[in-house]
Amino acid sequence: MILETRHSIHEILSRQPLFRGLADDELRDIANGTREYRAKKNEIIFHRGDTVEGMHVVVMGQVKLSLPSSQGAEKVVHVCGPGNTFGEAVVFLDKPYPVNAQATAESLLLLIPKRVLLDALELSNTLYRKMIASLSVRLHEMISDMETCLLRNSVQRVVCFLVQAAPESGDAFEVSLPASKQTIASQLNLAPETFSRVLGQLSEAGLIQVRGRRIAVLDRQRLIVFSG
């Protein structure tokens with residue numbers, strides 16, 4: 001299935017978090033240089049080492065960013081959903097893409113070419129500030145992910161992932177996995193079988209119930225205590 005939209009690129013951009021609040025003429029200039037791109041499930045958008053074309057905006061669907069290994073495996077760095085952007089950091093570095101990008105679902109993307117993005121940033125203080133804020137949030141998330149993967153054992157990593165997905169209040173909640181278990185395991189620097197085994201441990205302890213890609217957490221506080 002190829003995703004369809006009847007909205008103009010200008011209208012789609014205006015709804016994206018990074019571009020909200022821009023003046024109409026600023027948005028129009030960006031839209032005029034932006035290309036719409038439909039990716040099929042499992043389609044490669046770019047490979048590590050490819051020349052940077054620009055910044056991608058996920059409108060619908062999902063894209064995973066990953067590092068390949070010489071053994072043929074991969075380390076998932078980030079999973080991008082609707083409203084997320086990727087590729088902007090290397091636009092400023094003038095270097096090739098450092099990761100692979102692959103659609104994990106039928107996806108609708110916008111590609112803002114490098115020159116269009118740089119020209120827009122020179123003219124718009126609002127976009128410039130939002131871009132810095134977005135990259136700062138990404139850096140904070142990356143440091144948090146490193147802490148999760150390097151300083152915690154397998155049970156603690158899975159519990160941290162579940163708790164971070166929880167609402168602000170309530171001891172019982174449900175988590176809908178944003179990607180496949182294999183992808184999430186890679187993000188947590190775990191083997192898929194280890195991730196499944198930990199979920200089984202938590203389920204046997206009466207802390208969670210697993211229903212496919214939906215996980216019901218029965219007691220937040222007991223879950224945290226269980227992880228040590």
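Is Ser 186 buried or exposed? I started my notes with this residue. At 10% relative accessibility, Ser 186 counts as buried, because the limit for buried is under 20%. I am working on a predicted model, and I read every value below as computed from it.

**Entry 1: Ser 186 and its contact**

I placed Ser 186 in helix H7, which covers residues 181-187. I then looked up what its side chain touches. The side chain of Ser 186 reaches the backbone nitrogen of Val 76 at 2.6 Å. I noted that strand E5 covers 74-80 and is an edge strand, pairing on one side only.

**Entry 2: the sheet with E5**

I traced the sheet that holds E5. It is an open sheet of 4 strands in the order E2-E7-E4-E5, and the pairing is antiparallel. The other edge strand is E2, at 44-46. From one strand to the next, the twist averages 30°.

I checked the E2 end of this sheet. E2 and strand E7, residues 100-103, are paired in the antiparallel sense over 2 bridges. For Ile 44, I found the bridge partner in E7 to be Gln 102.

**Entry 3: Gln 102**

I stayed with Gln 102, which sits in strand E7. Its relative accessible area is 18%, so Gln 102 is buried. What lies 2.9 Å from a polar atom of the Gln 102 side chain? I found the backbone oxygen of Asn 42 there.

**Entry 4**

I moved to another open sheet of 4 strands, with the order E1-E8-E3-E6 and antiparallel pairing. Strand E1 (35-39) and strand E6 (85-86) stand at its edges; each has a single partner strand, so one side of each has no neighbour in the sheet. I looked at the E6 edge. Strand E3, residues 54-60, pairs with E6 in the antiparallel sense over 2 bridges. Thr 85 in E6 is the bridge partner of Val 57.

**Entry 4: salt bridges**

How many salt bridges are there? I have the count as 9. I looked up several of the pairs.

The pair Arg 35 and Glu 53 has its closest N and O atoms 3.2 Å apart. Arg 35 is in strand E1 and Glu 53 is in the loop between E2 and E3, 18 residues apart, and the pair links distant parts of the chain. Arg 35 counts as partly exposed at 43% relative accessibility. Glu 53 is also listed at 43% and counts as partly exposed.

Next I took Asp 119 and Arg 115, a salt bridge whose closest N and O atoms are 3.1 Å apart. Both residues lie in helix H4 (residues 114-123), 4 residues apart, about one turn of the helix. I read Asp 119 as partly exposed at 34% and Arg 115 as partly exposed at 49%.

Arg 211 is in strand E10 (residues 208-211) and Glu 174 is in strand E9 (residues 173-176), so the pair ties together parts that are 37 residues apart in sequence. Relative accessibility is 44% for Arg 211, which counts as partly exposed. Glu 174 counts as partly exposed at 40%. I also noted a network of salt bridges that links Glu 174, Arg 211 and Arg 214.

**Entry 5: helix H6**

Why is helix H6 largely enclosed by the rest of the structure? I went through its residues, 154-164, and 8 of the 11 are buried, so the rest of the structure largely encloses the helix. Among the buried residues are Val 155, Arg 157, Cys 160 and Phe 161. I then checked the start of H6, where a side-chain oxygen of Asn 153 reaches to within 3.2 Å of the backbone nitrogen of Val 155.

Leu 139 has its place in helix H5, residues 125-150.

Definitions and conventions
Residues numbered from 1 in each chain as written. Predicted model: local features only at pLDDT ≥ 70, side-chain atom pairs only at ≥ 80, totals over all residues. Heavy atoms only, no water. Pairing = 2+ DSSP bridges. Axes fitted to C-alpha atoms, helices over the stretch in contact; angles between N-to-C directions. Buried < 20%, exposed > 50% of the residue type's maximum accessible area, 1.4 Å probe, protein only. Polar contact = N/O pair within 3.5 Å; in protein donor to acceptor, adjacent residues only side chain to side chain. Salt bridge = Lys/Arg side-chain N within 4 Å of Asp/Glu carboxyl O.
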